[in-house]
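Colleague: Thanks for sitting down with me. Could you show me the model, and then take a few questions?

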Amino acid sequence: MNSAPSAQRDLSIIKWLTFFMFTMFAMTTDSVGVIIPEVIKEFHLSMTVGGAFHYAAMSGIAFAGFFLGYLADKIGRKKSIILGLVISGVAIGIFKTGALALIGDISQSTVEHTATMNTVEGFFAVGAIIGPAIVAHLLAGGTSWKWLYVIAGTICLLLIVTASFVQYPQTAGSSESVDLKRTLQMMKNPYALGFSAAIFLYVTVESAVYVWMPTLLAGYQGRLIWVATYAISIFFILRAAGRFIGSWVLARLNWATVVTIFSLAILLCFGISMFAGVRGAILLLPLSGLFMSVLYPTLNSKGISCFRKPEHGAVSGVILFFTCVAAVLGPLAMGAVSDHFGDPKCGFVLATVFAALLFVALLLNQIFNPARNRLQRLDHSEYELAETQSVGAQARS
């Protein structure tokens with residue numbers, strides 16, 4: 001049995017490993033907004049077809065998360081994370097569900113779970129800053145953007161080696177079978193579907209910015225050209241800063257109120273941008289990153305926390321499935337609308353509609369708060385009792 005100092009050291013390493021895994025993941029996935037214009041130019045593609053560079057990867061992650069997410073519960077967090085890091089691509093869906101499920105194992109309450117999730121997604125947001133910056137540097141030097149994936153692969157290898165030598169916390173077993181059937185059953189669960197639907201709407205709005213904003217602003221030549229040039233970086237920086245701040249704020253304020261207010265701010269950013277034109281979009285779309293910051297990790301955390309810890313892998317897979325489907329269908333619909341009307345702005349009008357639906361959904365959640373009782377009950381049964389049992393076991397050892 002590990003000593004208490006050794007277990008605490010492993011827990012600290014696990015947290016930092018999780019942070020860096022999300023950083024590496026974002027370096028590749030959130031660089032598409034910079035890469036797609038190069039792909040379109042290089043191969044003479046339409047926006048709809050060029051966006052397939054993003055759609056294909058998100059589709060693989062979506063289906064892996066749904067059909068293989070239960071592996072995090074069946075074979076354990078450590079094995080699923082290492083497996084995902086080893087085979088990459090589709091396997092991001094495996095490792096990310098394992099990493100998301102692990103957050104519940106290392107948290108002491110649902111409130112801490114939400115705060116930790118925001119910190120983890122903060123590191124993801126940092127990766128989203130680093131990735132496009134690397135691509136921009138490579139392109140400026142005449143080097144192919146493909147080297148980004150060589151760099152990410154090297155980081156991945158280092159994470160595999162480190163993860164292999166760390167002792168992960170054990171998750172209490174479940175009397176239920178852990179297989180795909182249980183994941184399919186979750187598709188009928190109102191909590192899994194409710195939070196997944198909200199996340200679906202959010203991701204369609206967020207992906208509008210990091211996939212198509214560079215295309216929307218590409219022809220701008222006015223006084224704010226420097227803002228347009230660095231708009232995607234500003235968006236990612238504000239999103240990263242907001243998530244780290246959010247981990248502190250959400251430990252102290254009601255989560256439902258925070259996400260409702262922030263979703264309204266996002267809607268205003270998109271709505272005013274559509275009326276003000278490109279000049280307004282240059283300022284307001286990057287600013288929306290600050291308000292988007294806490295929405296995804298908070299909704300993700302609350303959705304996962306509505307289930308027992310042995311089910312966290314499966315529900316993470318379901319939520320990840322809806323996340324990636326939204327990341328495919330949102331930009332795809334925007335690209336198709338933009339191509340049809342011959343103007344990228346038309347795609348952002350559609351994104352504004354999604355932002356309005358998101359605000360309405362979160363406002364209704366604020367009013368009725370249907371998950372309150374379930375979260376309070378699981379906060380006691382999955383965290384407080386587990387902590388008491390853990391303390392008792394340490395006292396006996």
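Predicted model: local features only at pLDDT ≥ 70, side-chain atom pairs only at ≥ 80, totals over all residues.

Colleague: Is Asn365 buried or exposed?

Modeller: The cut-off for buried is under 20% relative accessible area. Asn365 has 11%, so the residue counts as buried. Setting aside residues up to four places away in sequence, Asn365 touches Trp255, Ala256 and Pro370. To answer you in a word, Asn365 is buried.

Colleague: And what is the relative accessibility of Asp379?

Modeller: Asp379 lies in helix α19, which covers residues 372–396. This residue counts as buried, because its relative accessibility is 16%.

Colleague: How far apart in space are Asp379 and Cys306?

Modeller: In sequence, 73 residues separate Asp379 and Cys306. In space, C-alpha to C-alpha, the distance is 9.0 Å.

Colleague: How many disulfides does a search of the whole structure find?

Modeller: A disulfide needs two cysteine sulfur atoms within 2.5 Å. Cysteines do occur here: Cys269 is buried at 4%, while Cys346 is partly exposed at 23%. Still, the number of disulfides found in the whole structure is zero.

Methods: Residues numbered from 1 in each chain as written. Heavy atoms only, no water. Helix = DSSP H or I, 4+ residues; strand = E, 2+ residues; numbered from the N terminus. Buried < 20%, exposed > 50% of the residue type's maximum accessible area, 1.4 Å probe, protein only. Contact = heavy atoms within 4.5 Å.
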